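Please report on the charged pairs, the sheet and its packing helices in this model.

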Amino acid sequence: MTEVNTPPGPPGPGGWTRFVTARPRLSLLVALVLTALAVMAGSGVADRLGSGGWEDPNAESTYATRALEREFPDSQPNFLLLIDAGEASVDDPAVAAEADRLAQLLSAEEGVTGVGSYWQSGSPALRAEDGREALIAARITGEESEANATLERIAPELRGTHGPVEVRLGGMVAVQHEMQTIIQEDLLRAEIIALPVTLVLLVMVFGSAIAALLPLGIGIVAILGTNAVLRGLSEVTDVSVFAINLTTALGLGLAVDYALFIVRRFREELTAGHDPLTSVATTLRTAGRTVLFSALTVAVSLAAMLLFPMYFLRSFAYAGIAVVLLAAAAALILLPAALVLLGHRVNALDLRRMLRRGRPPRPAAEEGRAWGRTATLVMRRAPFFALGTTAVLVLLGLPFLGVKFGTADDRQLPADAESHVVQQHIREGFPGSPGGGLEVLAEGGATEAQYADYRERISALPEVVRVDGPVVNGDAAYFTVLPSGEAVDEPAQRLVGELRAVDAPFDTSVTGAAAALVDSKDAIADKLPWGVAFIAVVTLILVFLLTGSVLIPIQAVLLNALSLTAMFGAVVWVFQDGHLSGLLGFTSPGSIETTVPVLMFCVAFGLSMDYGVFLLSRIKEEYDRTGDHEGAVRHGLQRTGGLITAAAVILAVVLVAIGTSRVTNTKMLGLGIALAVLMDAMVVRSLLVPSVMRLTGRATWWAPGPLRRLHERIGISEGESTAPRDGEKPGLEKEAVAATEAREQGPSDERREEAAGRR
């Protein structure tokens with residue numbers, strides 16, 4: 001008797017499904033308790049984070065700065081009082097008397113040292129050229145948190161009107177404190193904007209208010225958990241306050257991505273007639289694997305920032321990896337438990353019913369039809385769309401060729417911020433290049449003649465305006481070198497190299513704003529190839545494990561990188577060159593802080609891979625099922641195009657909310673990555689990927705025999721793979737051949753027996 005093969009039903013729940021759904025109420029209760037603990041652990045996290053971290057801690061300039069702070073604290077003032085005499089002169093006796101009183105008051109404060117002023121020294125560098133403003137300089141000691149506490153204690157007594165003068169507070173301590181305060185205020189405003197708008201968009205996508213609340217819940221869990229992680233890390237290492245902005249953006253954005261993908265697949269399985277538990281099992285076996293895979297690719301991109309020595313970049317790696325893994329864990333553990341409990345009620349509270357006015361909802365088969373037509377059109381004219389899209393993206397990235405790198409300073413703050421106003425007055429009204437001096441630390445001891453000879457030689461350098469010093473303390477001394485031009489422009493950076501090349505009978509180290517910039521650029525240039533290689537190699541491996549193809553991973557890396565060109569071009573055109581500065585409300589410093597492009601690349605590349613994985617996984621699933629290459633590409637875009645676009649729009653909303661910040665770097669980060677996300681979802685995934693895959697044809701899926709067998713053993717895919725092997729008929733073609741053979745052989749023994757029984 002011949003055995004009859006019947007089509008298998010959906011596989012039952014696997015081990016992971018049984019684990020996460022065995023006690024769904026208990027799982028959600030434990031999650032609620034852990035989230036409450038995370039709220040307590042992460043409370044006040046922003047107050048413990050720093051606002052610096054742009055310098056290489058191992059650089060020569062960093063060493064010299066620390067040595068000068070230790071040996072010559074008065075040489076490194078970080079706190080300024082701008083004394084404004086109004087219509088009077090700063091040399092007026094009443095003004096001088098009040099200034100002396102303020103200097104004495106400041107000297108008496110605990111944690112303040114090295115107080116000096118124009119009225120004590122008579123230095124012309126501390127007096128404005130119009131004679132109506134002058135400076136009192138001091139150093140607030142301690143780590144950043146201690147310095148902030150000291151500033152908060154003394155600022156109310158110093159700021160404001162004192163007799164004939166008006167006092168404003170400036171200096172690096174004031175800039176960092178004000179930046180930290182503004183970032184916290186702006187983040188709260190961004191969350192107030194993003195959460196309700198995200199909820200509205202989710203309702204528009206899902207229809208069901210119940211389904212729309214699930215991604216928000218996942219995002220909140222991820223954000224609160226990451227805040228607790230950052231709070232713990234701040235106890236053992238430096239963490240930048242800027243990282244909490246990434247926590248909010250990625251926490252909401254990736255939670256929406258992952259929940260959209262999982263809830264959408266779960267609802268598809270329910271619509272197909274499966275019970276909730278079977279639907280969850282299928283969802284985890286397919287979409288769940290993709291979510292896990294996507295989280296790994298995003299985490300890899302963010303982990304590359306750990307290779308750089310600046311704690312500004314490392315902080316984003318800490319925050320990003322934590323929030324990605326927590327969002328994925330919540331989506332793969334908590335969300336399935338909630339879906340099992342909700343079952344068909346996940347479709348409850350359909351708020352779009354009012355808009356339909358009695359019309360039936362669109363059948364599931366019709367969803368995404370426009371994306372299918374788009375894929376057909378693009379593949380029909382594949383050379384035009386591939387070349388045209390590439391040319392446009394390259395053109396949008398051309399402004400980045402003119403990038404100028406600089407340091408973050410007070411111009412990151414809004415124009416009316418007090419510390420920014422003080423620094424701007426100093427830049428515009430005081431002689432020389434305030435804040436632009438270079439210090440040369442001399443160690444090992446020397447005679448007066450040796451110091452004099454060294455001073456004469458560095459004074460002869462072409463970029464030097466004046467050399468002051470040496471100031472000697474035992475075996476250590478330092479010179480102050482005033483360069484021509486701006487503090488960190490090209491001449492100042494060249495002067496750093498020239499000073500370091502001058503021979504001396506003692507050990508020398510150069511520091512200052514230009515020296516810190518040179519060292520930061522060198523550190524990034526040294527680590528950047530390793531970071532890019534790390535991202536590329538691991539991404540190639542992961543995409544191979546997903547697809548089993550050699551060509552698709554290469555396509556994914558190249559197209560992802562191409563999707564970022566518009567972001568980098570816009571960053572230079574807007575934030576460096578100052579276009580739209582009035583509309584967006586920022587002051588352009590004329591340069592881009594050195595670490596920001598690295599940060600934006602890692603984050604945007606990871607998010608692009610996130611969408612790329614969603615699309616490729618669905619294409620691969622369909623190709624495994626049918627063996628039809630173009631049909632698989634069309635089906636993949638049809639099923640995920642709307643989903644990816646919706647996720648990208650929601651993430652862009654969150655990023656634009658972050659981009660409303662009054663701090664320029666945060667604004668640049670939010671708006672720049674929002675642009676990259678939209679370009680990737682709406683241009684690269686919709687036009688470039690289908691056209692390129694059409695041009696490469698079935699060769700897209702090729703892999704040499706050893707790699708193909710490796711993928712069969714350890715690869716990751718959605719569903720059961722039935723991809724055609726060499727010499728094997730693909731999916732539907734195999735079924736058609738089998739049916740033809742069955743017809744030729746005639747009815748089976750079982751069917752003949754059944755027919756005899758009926759007779």
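Asp 257 is buried (under 20% relative accessible area; exposed is over 50%, partly exposed in between, with a 1.4 Å probe and protein chains only). Yet Asp 257 has no salt bridge. A salt bridge here is a side-chain nitrogen of Lys or Arg within 4 Å of a carboxyl oxygen of Asp or Glu. The nearest side chain of opposite charge belongs to Arg 685, 11 Å away.

Asp 257 sits in helix α9. Helices (H or I, at least four residues) and strands (E, at least two) are DSSP runs, numbered from the N terminus. Leaving aside neighbours within four places in sequence, Asp 257 is in contact (heavy atoms within 4.5 Å) with Asp 610, Tyr 611, Phe 614 and Ala 647.

## Basis of the model

This is a predicted model, in which local features need pLDDT of at least 70, side-chain atom pairs count only at pLDDT 80 or more, and totals for chains, interfaces and linings use all residues. Residues are numbered from 1 along each chain as its sequence is written, and side-chain values use heavy atoms, with hydrogens and water left out.

## Salt bridges

Side chains of opposite charge can pair when their charged atoms come close. The whole structure holds 30 salt bridges. One of them joins Arg 48 to Glu 235, with the closest N and O atoms 3.0 Å apart. Arg 48 is in the loop between α2 (24–42) and α3, and Glu 235 is in the loop between α8 and α9 (243–271), so this pair ties together parts 187 residues apart in sequence. Arg 48 is partly exposed, at 40% relative accessible area. Glu 235 is partly exposed too, at 46%.

Glu 268 and Arg 618 also meet in a salt bridge (3.3 Å, N to O). Glu 268 lies in helix α9 and Arg 618 in helix α22 (residues 596–626), 350 residues apart. Both residues are buried. Another pair is Glu 630 with Arg 694, whose closest N and O atoms are 3.0 Å apart. Glu 630 belongs to helix α23 (residues 629–659) and Arg 694 to helix α24 (residues 664–696), so the bridge ties together parts 64 residues apart in sequence. Glu 630 is partly exposed at 29%, and Arg 694 is partly exposed at 32%. Salt bridges with shared partners join Arg 264, Arg 265, Glu 268, Glu 269, Arg 618, Glu 621 and Arg 639 into one network.

## The sheet

Four strands form an open sheet in the order β8-β9-β7-β10, with antiparallel pairing. Two strands pair if DSSP finds at least two bridges between them. β8 (464–473) and β10 (507–511) are at the edges with a single partner strand each, so one side of each has no neighbour in the sheet. Neighbouring strands are turned by 20° against each other on average, direction ignored.

β7 (residues 438–443) and β9 (residues 476–483) pair over six bridges, in the antiparallel sense. Thr 480 in β9 is the bridge partner of Glu 439.

## Helices on the sheet

Helix α3 (residues 60–71) lies across β7, β8, β9 and β10. Its direction is at about 100° to β10. Axes are lines fitted to C-alpha atoms, for helices over the stretch in contact, and angles run from 0 to 180 degrees between N-to-C directions. Helix α16 (residues 448–459) packs on the sheet as well, touching β7, β8, β9 and β10, and makes about 160° with the direction of β8.

Key:
Lys, Arg positive; Asp, Glu negative; His and termini not counted.
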